[in-house]
Amino acid sequence: MPLDPQLKFVVDQIAKADNRLVDQSPEEARRVAEDGMAALCRMGHEEVGFVQDRVIPGPGGDLPIRIYRPDGYGPFGVLVWFHGGGFVIGSIDSSDQICRVLCNRGRVAVVSVGYRLAPEHPFPAAVEDALTATLWVQGNSAVVHADPTRTAVGGDSAGGNLAAVTALAHRDLARRIPLTYQALVYPGTDHAGHHPSQDIGPGYLYDSEMRDWFRGHYLPPGVDRSDWRISPLRASSLEGLPPALVVTAEYDPLRDEGDAYAAALTAAGVPVEHVRVEGMTHGFVQYNPIVSRAREVLDGIGRSVGKALA
């Protein structure tokens with residue numbers, strides 16, 4: 001399909017700004033990203049029943065989280081959400097609008113995790129924070145007003161990678177309450193191999209040059225990129241994982257590895273809902289306040305999570 005007209009307008013405006021990520025420092029990139037997402041969050045703001053910021057003990061010190069709950073009384077099913085941003089940019093604030101939509105559409109509690117970012121905190125810091133936050137949510141259900149037996153993990157882009165990795169790590173714990181669901185939105189699942197979609201060139205919000213910029217900050221020199229904590233597609237087994245929603249986009253360098261992960265989960269006996277969204281680029285969900293198709297997809301993700309955790 002052609003690029004969605006509303007999203008193409010966004011792509012064209014970003015191109016006109018000529019503010020390439022790969023020419024910036026991480027600090028500059030974070031500032032630009034936060035400014036842009038703050039505007040989108042204001043445009044798409046939704047009220048929810050309850051919002052609370054707090055910190056929990058993390059492997060590297062205080063770990064910030066934000067708890068969202070819908071109107072009504074719990075205990076609710078709960079989605080632990082990891083924001084996108086290539087492990088370098090993004091924050092609880094930049095994903096606020098997405099989390100509010102998920103909370104309302106799914107009628108679930110959402111706990112957004114402010115995991116440590118690279119290059120100050122390279123791999124495996126984000127992985128450690130993601131699992132720690134998930135276990136904290138299940139162990140502190142009264143605080144969240146959640147049912148620990150109805151817990152999902154989810155995220156977009158780098159956050160989708162963290163959700164997939166967390167589901168694998170959580171599965172292998174000796175004592176744990178099983179996860180119910182995983183919602184993986186255009187996840188990066190293979191940092192060790194090449195997939196044809198990685199050749200999608202500039203002009204679609206995200207390309208291989210940008211991915212190399214992110215990976216250069218996140219992955220320490222000499223690290224084994226086939227490590228399942230980096231590339232969950234290369235895990236020795238995907239059996240026993242919770243049911244999954246995998247969303248991929250037509251014009252996304254990560255499309256093929258997301259598709260491959262959905263297929264690998266299915267082959268391992270995991271129930272999978274795989275949604276390939278035509279006419280969309282990587283990162284399209286964040287533009288849901290101004291791109292109608294993106295809002296439809298985000299609403300659908302929320303409903304799928306709600307159904308799984310009902």
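At 46% relative accessibility, alanine 263 counts as partly exposed, a class that lies between buried, under 20% relative accessible area, and exposed, over 50%, with a 1.4 Å probe and protein chains only. Alanine 263 lies in helix α8, where helices are DSSP runs of H or I with at least four residues and strands are runs of E with at least two, numbered from the N terminus. Alanine 263 and methionine 280 are 17 residues apart in sequence, and their C-alpha atoms are 21 Å apart in space. The model is predicted, with local features needing pLDDT of at least 70 and side-chain atom pairs counting only at pLDDT 80 or more, while totals for chains, interfaces and linings use all residues. Residues are numbered from 1 along each chain as its sequence is written, and side-chain values use heavy atoms, with hydrogens and water left out.

**The sheet**

- Eight strands form an open sheet of mixed pairing, in the order β1-β2-β4-β3-β5-β6-β7-β8, where two strands pair if DSSP finds at least two bridges between them.
- Because β1 (50-58) and β8 (272-281) stand at the edges with a single partner strand each, one side of each is left without a neighbour in the sheet.
- From one strand to the next, the twist averages 20°.
- β1 and β2 (residues 61-69) pair in the antiparallel sense over nine bridges, and the bridge partner of proline 57 is aspartate 62 in β2.
- Helix α8 (residues 255-267) lies across β6 (181-185), β7 (244-251) and β8, running at about 150° to β7; contact means heavy atoms within 4.5 Å, and axes are lines fitted to C-alpha atoms, for helices over the stretch in contact, with angles from 0 to 180 degrees between N-to-C directions.

- The 15 residues of helix α4 (residues 125-139) should span 21 Å at 1.5 Å a residue, and the end C-alpha atoms are 21 Å apart, which agrees; the expected span is 1.5 Å times one less than the number of residues.
- Helix α4 is largely enclosed by the rest of the structure, because 11 of its 15 residues are buried, among them Asp129, Trp136 and Gln138.
- α4 and helix α6 (residues 158-171) pack at an angle of about 65°, with their axes 9 Å apart.
- The contact is made by residues including Ala126, Ala130 and Thr134 of α4 and Leu162, Val165 and Ala169 of α6.

**Salt bridges**

- The whole structure holds 23 salt bridges, each defined as a side-chain nitrogen of Lys or Arg within 4 Å of a carboxyl oxygen of Asp or Glu.
- Aspartate 190 forms a salt bridge with arginine 234, with the closest N and O atoms 2.7 Å apart.
- This pair links distant parts of the chain, 44 residues apart, with aspartate 190 in the loop between β6 and α7 (208-218) and arginine 234 in the loop between α7 and β7.
- Aspartate 190 counts as buried at 2% relative accessibility, whereas arginine 234, at 40%, counts as partly exposed.
- Arginine 276 forms a salt bridge with aspartate 259, the closest N and O atoms being 2.5 Å apart, and this pair links strand β8, which holds arginine 276, to helix α8, which holds aspartate 259, across 17 residues.
- Arginine 276 is partly exposed at 34% relative accessibility, while aspartate 259 is buried at 14%.
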